[in-house]
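Trainee: I have a chain to look at. Can we go through it step by step?

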Amino acid sequence: MDLRKKIRNIPDFPKPGIMFRDITPLLACPDSFREAIKQIADQYRGMQIDAIAAAEARGFIFAAPLALELNASFVPVRKPGKLPFDTQAFHYELEYGVDTLEIHTDAFREGEQVLLVDDLLATGGTMNACVKLIEQAGAEVVGCAFAIELSFLNGREKLAPHECFSLLTYDGED
């Protein structure tokens, strides 16, 4: 199944010069969505993965069914004030400011093997912050998985040495 056909390209969104890769057609087709989850899961079958973590909100869409497929727990990584229990935070710099991500203090056990998941890898800033937050919690990141990667933005360099897998890659020419 060619999942690339299920990604809608929207030029000049959210601003001129940006080609937005819209995943909603893929999500609207159960067979395509199921196939996307299966293909990502196939990359990690046989590995020890205790938990799958994802930053809100679009990462949750892929991470939750992937956690079920790989028989792992799902850990939401949220913006401040969204989690009801005790949290630990990681503050990171953006191009024009600072942001924060949080997890529950009991989200991981020491040494747990965690796969990070998101819908899109662009510059890698948010995923790198997730890596740092998980490592700060005492868990180990075993990889980073994405539905789409914009390879021309070099986000995976920011995530090195962690292994990255992308279901679909766009190099800026397509």
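Trainee: How many helices and strands does the protein chain have?
Mentor: Keep in mind that this is a predicted model. From the N terminus, the elements run β-β-α-α-β-α-β-β-β-β-α-β-α-β. The count comes to five helices and nine strands.

Trainee: What radius of gyration does the protein chain have, and why does it agree with a compact globule?
Mentor: The C-alpha atoms fill a box of roughly 40 × 40 × 30 Å along the principal axes. A compact globule of 174 residues would have a radius of gyration near 16 Å, so the chain agrees with its own value of 16 Å.

Trainee: What share of the contacts with a separation of 6 or more joins residues 24 or more positions apart?
Mentor: Contact here means heavy atoms within 4.5 Å. Among contacts with a separation of 6 or more, residues 24 or more positions apart account for 55%.

Trainee: How far apart do the centres of the positive and negative side chains lie?
Mentor: The protein chain has 17 positive and 27 negative side chains. The centres of the two sets are separated by 6 Å.

Trainee: Is Leu66 buried or exposed?
Mentor: Leu66 sits in helix H3, residues 58-69. Beyond four places in sequence, its contacts include Ile37, Ile52 and Val117. Buried means under 20% relative accessible area. Leu66 has 0%, so it is buried.

Trainee: How far apart in space are Leu66 and Glu93?
Mentor: In sequence, 27 residues separate Leu66 and Glu93. From C-alpha to C-alpha, the distance is 29 Å.

Notes: Residues are numbered from 1 along each chain as its sequence is written. This is a predicted model: local features need pLDDT of at least 70, side-chain atom pairs count only at pLDDT 80 or more; totals for chains, interfaces and linings use all residues. Side-chain values use heavy atoms; hydrogens and water are left out. Helices (H or I, at least four residues) and strands (E, at least two) are DSSP runs, numbered from the N terminus. The radius of gyration is taken over C-alpha atoms; the globule rule is 2.2 Å times the number of residues to the power 0.38. Lys and Arg count as positive and Asp and Glu as negative; His and the chain ends are not counted. The place of a charge is taken as NZ of Lys, CZ of Arg, CG of Asp or CD of Glu. Buried means under 20% relative accessible area, exposed over 50%, partly exposed in between (1.4 Å probe, protein chains only).
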